[in-house]
Amino acid sequence: MAFNRDVSVALFHSIIRPRKCLDAMAATGARGIRICNEAPGNYRFIINDKDSLACDHIQHNIELNTLENAEVSNADLRCLLAEEIFDYIDLDPFGTPIPFVPSALQGMARKGILAVTATDTASLSGTHPGKCRRRYMANSQRNPFLHESGLRIMIGTIVRMAAQEDKGVTPLLCYYADHYFRLFLRTKDGAGAADGSLEQLGMMSYDRATGERKVGEGKMGPMWLGPLMDREAISNTVVPEGLECPERVRQHFEIWKEELDVPFFYETNEIAAMLKLSPPGREELMEAMRSIGSVSRTNFSPTGFRTDRPLEEVLEAFRSACR
Ligand SMILES: C[S@@+](CC[C@H](N)C(=O)[O-])C[C@H]1O[C@@H](n2cnc3c(N)ncnc32)[C@H](O)[C@@H]1O
């Protein structure tokens with residue numbers, strides 16, 4: 001989780017400017033405490049857990065770090081969010097965050113940021129399609145880009161839940177790492193904002209035999225088909241000194257800044273297996289893709305790439321890189 005917290009610190013440093021924050025499921029309070037320590041600002045952080053033993057640790061850690069803008073709270077987040085309003089809310093449960101999303105939406109200011117960690121990636125990524133239907137009201141399927149489709153299903157579910165409350169949701173930064181999904185979502189009150197977010201939802205299909213992806217039609221979804229980040233905001237993020245894993249964070253931001261907004265990425269091994277060829281070298285592959293259009297790396301996979309070209313052209317360029 002060090003990387004997860006590092007990214008939170010980097011975003012607070014550069015682009016998240018809240019006044020009242022809630023680390024709603026804080027355990028030892030490590031995330032909220034690191035943010036207060038490493039990203040100073042004019043905000044107040046309530047660090048909450050329903051477990052009183054966890055709260056003892058949080059209190060101890062606040063004192064240890066002599067933090068003046070952090071305070072401990074020992075409540076069920078659902079009670080707390082029925083009474084208080086925050087403009088940054090962080091949910092980090094064991095497993096799915098969905099049961100807690102309605103409370104977070106209820107306790108969110110008119111404009112705010114909802115941060116969510118989800119560790120139930122298997123149900124979203126096609127391993128347990130029944131569970132995905134029940135929990136996320138969406139169809140999943142195992143595929144070579146399963147973490148991207150899973151993440152998009154998760155965003156899509158929150159968009160639909162928010163729309164019921166006349167709230168719009170757009171990604172500030174959403175990613176997959178180390179077997180979890182992490183979402184930073186901007187929320188905004190208003191029927192227009194809700195409608196705008198709903199317009200970015202849709203279905204898709206993937207044909208295992210041909211590799212064809214159809215976006216906008218198919219049985220997988222509903223899911224978010226818009227950008228996974230606010231590119232301008234992410235491009236303006238400066239990675240601060242003193243992080244736990246600075247090199248990894250720097251590399252991720254470098255790729256996020258260049259990553260194309262084209263759903264869905266291709267996996268080198270997927271295409272090589274389909275064409276019955278040995279995968280080409282990474283540089284040869286990227287060069288061949290550059291010769292036909294725009295191409296970028298992706299943080300979803302070190303061997304993946306995104307391109308704006310149609311599948312037939314991608315396959316032809318792939319063959320040429322193998323020659
Ligand atoms: C995965 S841990 C949180 C890890 C922590 N955010 C971190 O970065 O280390 C989940 C925590 O949520 C707390 N929790 C579970 N249900 C809760 C609820 N309804 N309200 C408040 N806290 C809750 C648990 O006590 C547990 O400490």
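## Ligand shell

The ligand is surrounded by 17 residues, the closest being Arg-5, Met-25, Asp-49, Leu-77 and Asp-92; a residue counts as near a molecule if one of its heavy atoms lies within 4 Å of it. The model is predicted, so local features need pLDDT of at least 70 and side-chain atom pairs count only at pLDDT 80 or more, while totals for chains, interfaces and linings use all residues. Residues are numbered from 1 along each chain as its sequence is written, and side-chain values use heavy atoms, with hydrogens and water left out.

By class, the shell around the ligand holds nine nonpolar, one polar and seven charged residues. Nonpolar here means Ala, Val, Leu, Ile, Met, Phe, Trp, Tyr, Cys and Pro; charged means Asp, Glu, Lys and Arg; the others, Gly among them, are polar.

## Polar contacts and cover

The side chain of Arg-5 has an N or O atom 2.8 Å from an oxygen atom of the ligand. Asp-49 places a polar side-chain atom 2.7 Å from a ligand oxygen atom. At Lys-50 the backbone is involved: one of its N or O atoms lies 3.2 Å from a nitrogen atom of the ligand.

On its own the ligand has 610 Å² of accessible area, and the protein covers 86% of it (Shrake-Rupley method, 1.4 Å probe).

## The largest pocket

The ligand takes up the space of the largest pocket; a molecule sits in a pocket if more than half of its atoms lie within 2 Å of the grid points. On a 1 Å grid over the protein atoms alone, a pocket is an open set of points with protein on both sides within 12 Å along at least five of seven lines, a cavity is a set where a 1.4 Å probe fits but cannot get out, and lining residues have an atom within 4 Å of a point.

The volume of the largest pocket is about 570 Å³, taken as the space filled by probe spheres set on the points. Its lining has 24 residues, with Met-25, Asp-49, Asp-92, Pro-93 and Phe-94 nearest the centre. Twelve of the lining residues are nonpolar, three polar and nine charged. Helices α2 (30-38) and α4 (77-83) each supply at least two lining residues (helices are DSSP runs of H or I, at least four residues, and strands are runs of E, at least two).

## The largest cavity

The count comes to one cavity of 30 Å³ or more. The largest cavity holds about 110 Å³ of space. It is lined by 14 residues, and Leu-228, Met-229, Glu-259, Phe-300 and Arg-306 are the closest to its centre.

Strand β6 (residues 167-177) gives the largest share of this lining, three residues. Nine residues of the cavity lining are nonpolar, one is polar and four are charged.

Technical notes
A polar contact is a pair of N or O atoms within 3.5 Å; within protein, one must be able to donate a hydrogen and the other to accept it, and residues adjacent in sequence count only if both atoms are side-chain atoms.
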